[in-house]
Amino acid sequence: MATPAASSSSAAISSNHHQNLHSVFVYGSLLADDVVKALLNRVPQNSPAILDNFKRFSIEGRIYPAILPVENAQVNGRVLLGITDSELDLLDKVEDVEYERSTVNVSLIDTLKRMQVYTYVWVDKNDPRLDGEWNFEDWKRLHMNDLLKITTAYMEEIEGTGSKSRMAISESFFQQKAEE
């Protein structure tokens, strides 16, 4: 698999094997360091970035956004640098079947450097639930604590023997919350 440019093409690990490092453009809940840390157990080096010709949407009934190609639009986000193969696999699991990992070009805001990175694009381009612009500050105030709880439960599920998807855990969480 071709790997988008990362801050370093590979790094030696203690067993003398090499592991590819990846760069991933994030634009939603992973803009929050607390969510990244809950998921990856660390906050990787990162840089603010702009993705041209895409638009970020709110999704009715979801607490996270989607992006889709839209000419003359832009999405502000950040690039997580030095993502390991196992972390990339984890991100693939978290994003589940609703998103497709794609290779895109972004511009780093600090240096204006262009780089090729991965990002997760919403699969259903005609989804009727796509509903207006998603706002990070509103999300932090309204939904970040819930997503942290869902992420923690999902990570416990992955580390255990469970096989529930992130979506199943999220739906269960909100069903229990509604019953309270």
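A residue is called buried when its relative accessible area is under 20%, exposed when that area is over 50%, and partly exposed in between, with a 1.4 Å probe and protein chains only. This is a predicted model, in which local features need pLDDT of at least 70 and side-chain atom pairs count only at pLDDT 80 or more, while totals for chains, interfaces and linings use all residues. Residues are numbered from 1 along each chain as its sequence is written, and side-chain values use heavy atoms, with hydrogens and water left out.

**View 1. Ser29, a residue in a loop.** Ser29 sits in the loop between strand 2 and helix 1, where helices (H or I, at least four residues) and strands (E, at least two) are DSSP runs numbered from the N terminus. Because its relative accessibility is 14%, Ser29 counts as buried. When residues up to four places away in sequence are not counted, Ser29 touches Val35, Pro65, Trp134, Trp139 and Leu147, a contact being heavy atoms within 4.5 Å.

View 2. On a 1 Å grid over the protein atoms alone, a cavity is a set of points where a 1.4 Å probe fits but cannot get out, and its lining residues have an atom within 4 Å of a point. Grid points are joined across faces, edges and corners, and a volume is the space filled by probe spheres set on the points. By this rule there is one cavity of 30 Å³ or more, and the largest cavity has a volume of about 280 Å³. Its lining is made of 18 residues, of which Ser29, Leu30, Tyr64, Val94 and Glu95 lie nearest the centre. Strand 2 (18–26), helix 1 (33–40), helix 2 (85–95) and helix 3 (136–159) are the elements that give two or more residues to this lining, and the largest share, three residues, comes from helix 3. The lining residues divide into 13 nonpolar, three polar and two charged, where Ala, Val, Leu, Ile, Met, Phe, Trp, Tyr, Cys and Pro count as nonpolar, Asp, Glu, Lys and Arg as charged, and the others, Gly among them, as polar.

**View 3. Helix 1 against helix 3.** These two helices pack at an angle of about 5°, with their axes 9 Å apart; the axes are lines fitted to C-alpha atoms over the stretch in contact, and angles run from 0 to 180 degrees between N-to-C directions. Helix 1 and helix 3 are therefore roughly parallel to each other, since angles under 35 degrees count as roughly parallel, over 145 as roughly antiparallel, 65 to 115 as roughly perpendicular and the rest as oblique. From helix 1, Asp34, Val35, Ala38 and Leu39 meet Trp139, Met144, Leu147, Leu148, Thr151 and Met155 of helix 3. The residues of this contact divide into eight nonpolar, one polar and one charged.

View 4. Ala49 lies in strand 3 (residues 46–57) and, because its relative accessibility is 0%, counts as buried. Leaving aside neighbours within four places in sequence, Ala49 has contacts that include Phe25, Val75, Gly77, Val106 and Ile109. Ala49 and Val75 are 26 residues apart in sequence and 8.5 Å apart in space, C-alpha to C-alpha. Asn53 also lies in strand 3, and at 38% relative accessibility Asn53 counts as partly exposed. Although Asn53 is not a glycine, it has a positive phi of about 65°.

Note on methods. 1 Å grid on protein atoms, 1.4 Å probe; cavity = no way out; pocket = protein on both sides within 12 Å on 5 of 7 lines; lining within 4 Å.
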